[in-house]
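User: I'm new to reading protein models, and I'd like to ask how the labels get decided. Could you walk me through this one?

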Amino acid sequence: MLATILKSNHSFVIIIVLIIGTALWGFTLLEPPMPSFGYINEMPIYTYIFQLLSKNKILFVIISFAIVLTQGFLLIGLNKKHILISNRTFLHAFFYIFITGSIILTQTFSPVLLGGFFIFYAIDFLFRTYRIDYALNEIYMSGFLIAIASFFWAPFVYFIILLFISLIIMRTF
């Protein structure tokens, strides 16, 4: 029954997704743990943001919840813009929010969530290169956004390999 509601394209499904996301983050919002990532001294931008927000634990949880919700709706935007899946539903956002909310480490402020924004936009720029003759700007922006994401979490630098593989698959040189 929930799957049929989420497969629909009605605007009230957004409210249902928000309610389910809030239910997943409920215990973390009531008793927020301190972020426990070991990257505080290693990642420069994350360290700065962490020190700015370290006085309020609930702010960490609220920001991470807002980031995950925004990324879920960015995922819907990617599907709408580039037609990855033919059906226009909110099911993609639900699964993203559900899977991300099920992991305790991502329910608090983490560098993975912050860098994920840049990865989503890098993927958007990669999809823009499809069937465009001169796509150097999109390729550059994709690589640049991946580099910015790696400032938040170092393993994002491996997405450069994804950049080259996707260029080989989607473009002819």
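Analyst: A helix here is a DSSP run of H or I with at least four residues, and helices are numbered from the N terminus. Keep in mind that this is a predicted model. With that numbering, helix 6 covers 91-102 and helix 7 covers 111-128, and each supplies at least two residues of the lining of the largest pocket.

User: What makes up the secondary structure of the protein?

Analyst: Nine helices and zero strands. Read along the sequence, that gives the pattern α-α-α-α-α-α-α-α-α.

User: Why is Q107 called buried?

Analyst: Buried means under 20% relative accessible area. Q107 has 3% relative accessibility, so it counts as buried. You'll find Q107 in the loop between helix 6 and helix 7. Leaving out residues up to four places away in sequence, Q107 touches L24, W25, T28, V61, S64 and G101.

User: How much of the protein counts as buried?

Analyst: Of its 173 residues, 39% do.

User: Back to the largest pocket: how much space is in there, and which residues are closest to its centre?

Analyst: About 210 Å³ of space lies in the largest pocket. It is lined by 13 residues, and the closest to its centre are Q71, Y96, V112, G116 and F120. Helix 7 gives the largest share of the lining, five residues.

User: What classes do the residues of that lining fall into?

Analyst: Nine are nonpolar, four are polar and none is charged.

User: How do you describe the way helix 5 and helix 6 pack?

Analyst: Two packed helices are described by the angle between their axes and the distance between the axes. For helix 5 (residues 57-82) and helix 6, the angle is about 150° and the axes are 8 Å apart. The crossing of helix 5 past helix 6 is right-handed.

User: And which residues make that contact?

Analyst: Contact means heavy atoms within 4.5 Å. On the helix 5 side you have V68, L69, Q71, G72, L75, I76 and N79, and on the helix 6 side H92, A93, Y96, I97 and T100. By class, this contact has seven nonpolar, five polar and no charged residues.

Note on methods:
Residues are numbered from 1 along each chain as its sequence is written. This is a predicted model: local features need pLDDT of at least 70, side-chain atom pairs count only at pLDDT 80 or more; totals for chains, interfaces and linings use all residues. Side-chain values use heavy atoms; hydrogens and water are left out. On a 1 Å grid over the protein atoms alone, a cavity is a set of points where a 1.4 Å probe fits but cannot get out, and a pocket is an open set with protein on both sides within 12 Å along at least five of seven lines; lining residues have an atom within 4 Å of a point. Grid points are joined across faces, edges and corners, and a volume is the space filled by probe spheres set on the points. Ala, Val, Leu, Ile, Met, Phe, Trp, Tyr, Cys and Pro count as nonpolar, Asp, Glu, Lys and Arg as charged, and the others, Gly among them, as polar. Axes are lines fitted to C-alpha atoms, for helices over the stretch in contact, and angles run from 0 to 180 degrees between N-to-C directions. A crossing is left-handed if the near helix is turned anticlockwise from the far one by less than a right angle, and right-handed if clockwise. Buried means under 20% relative accessible area, exposed over 50%, partly exposed in between (1.4 Å probe, protein chains only).
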